[in-house]
Amino acid sequence: MTLATRALAAMLLIAGIAHFIAPKSLDAIVPAFLPGGPRLWTYLSGAAEIAIGLALLAPLSMKIGTISIRLLAAYAALFLFIAVYPANIKMAIDWRDRPMPYPLIAFARLPLQFGLFYWAWSIIKALKR
């Protein structure tokens, strides 16, 4: 297992656990267009991060059909990062009038999210070799 895979798994596990330890701050960035309350989405995304993080640590021999669980997890990470991008946009909009450095942090998250897309994609490519 590569360092990149272990690091992404650790990041997702820590972030997922944070959704349950301190959900209030994450509730605030859930887009209003989603049905149900923000806490539901905070917990669902946290559970997804934990599940994906654990699946990234699965042995390559563990498969669903002919596809490794680790590869499926890498795809799931990519799709999760794309799915939560609207929350990062909402955060940037909501924080634009806060005192510095809050707007800078919120707007910096937007291009940094593309780094997460690439990270997941690079793991997918490595696992498909």
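Predicted model: local features only at pLDDT ≥ 70, side-chain atom pairs only at ≥ 80, totals over all residues.
Local features were taken only where pLDDT is at least 70 and side-chain atom pairs only at pLDDT 80 or more, while totals for chains, interfaces and linings use all residues. Residues are numbered from 1 along each chain as its sequence is written, and side-chain values use heavy atoms, with hydrogens and water left out.

Helices are DSSP runs of H or I with at least four residues, strands are runs of E with at least two, and both are numbered from the N terminus. The UniProt annotation "transmembrane region", from an unreviewed entry, covers residues 43-62, 69-88 and 100-121. Such positions are given in the numbering used here, with feature names shortened, and the annotations may be inferred rather than shown by experiment. In the model, residues 69-88 are 95% helix and 0% strand, and the end C-alpha atoms of this span lie 28 Å apart. For residues 100-121 the figures are 91% helix and 0% strand, with 33 Å between the end C-alpha atoms.

The largest nonpolar core has 28 residues, of which Leu-8, Leu-12, Ile-52, Leu-56, Ala-77 and Phe-81 touch the most other members. Helix 1 (3-21), helix 3, helix 4 (69-83), helix 5 and helix 6 (102-128) each give two or more residues to this core, and helix 4 gives the most, with eight. A nonpolar core is a set of buried Ala, Val, Leu, Ile, Met, Phe, Trp, Tyr and Cys residues joined through side-chain atoms within 4.5 Å. Buried means under 20% relative accessible area, exposed over 50%, and partly exposed in between (1.4 Å probe, protein chains only). Contact means heavy atoms within 4.5 Å. Not counting residues up to four places away in sequence, Leu-12 touches Glu-49, Ile-50, Ile-52, Gly-53, Leu-56, Ala-77, Leu-80 and Phe-81.

Glu-49 belongs to helix 3 (residues 38-56). This residue is buried yet has no salt bridge, and the nearest side chain of opposite charge, Arg-109, is 8.1 Å away. Here Lys and Arg count as positive and Asp and Glu as negative, whereas His and the chain ends are not counted. A salt bridge is a side-chain nitrogen of Lys or Arg within 4 Å of a carboxyl oxygen of Asp or Glu. The side chain of Glu-49 does reach the backbone nitrogen of Gly-16, at 3.1 Å. Asn-88, in helix 5 (residues 85-95), counts as buried because its relative accessibility is 2%. Leaving aside neighbours within four places in sequence, Asn-88 is in contact with Arg-109, Leu-110 and Gln-113.

By the stated rule, the count of salt bridges comes to two. One joins the side chains of Arg-39 and Asp-27 (2.6 Å, N to O). Arg-39 lies in helix 3 and Asp-27 in helix 2 (residues 23-27), so the pair ties together parts 12 residues apart in sequence. Arg-39 is partly exposed, at 34%, whereas Asp-27 is buried, at 13%. The other joins the side chains of Asp-94 and Lys-90 (2.5 Å, N to O). Both residues lie in helix 5, four residues apart, about one turn of the helix.

The peptide bond from Met-100 to Pro-101 is cis, with omega near 10°, and Pro-101 lies in the loop between helix 5 and helix 6. Within helix 6, Tyr-102 is partly exposed, with a relative accessible area of 38%. Tyr-118, also found in helix 6, counts as exposed at 56% relative accessibility.

Key:
Polar contact = N/O pair within 3.5 Å; in protein donor to acceptor, adjacent residues only side chain to side chain.
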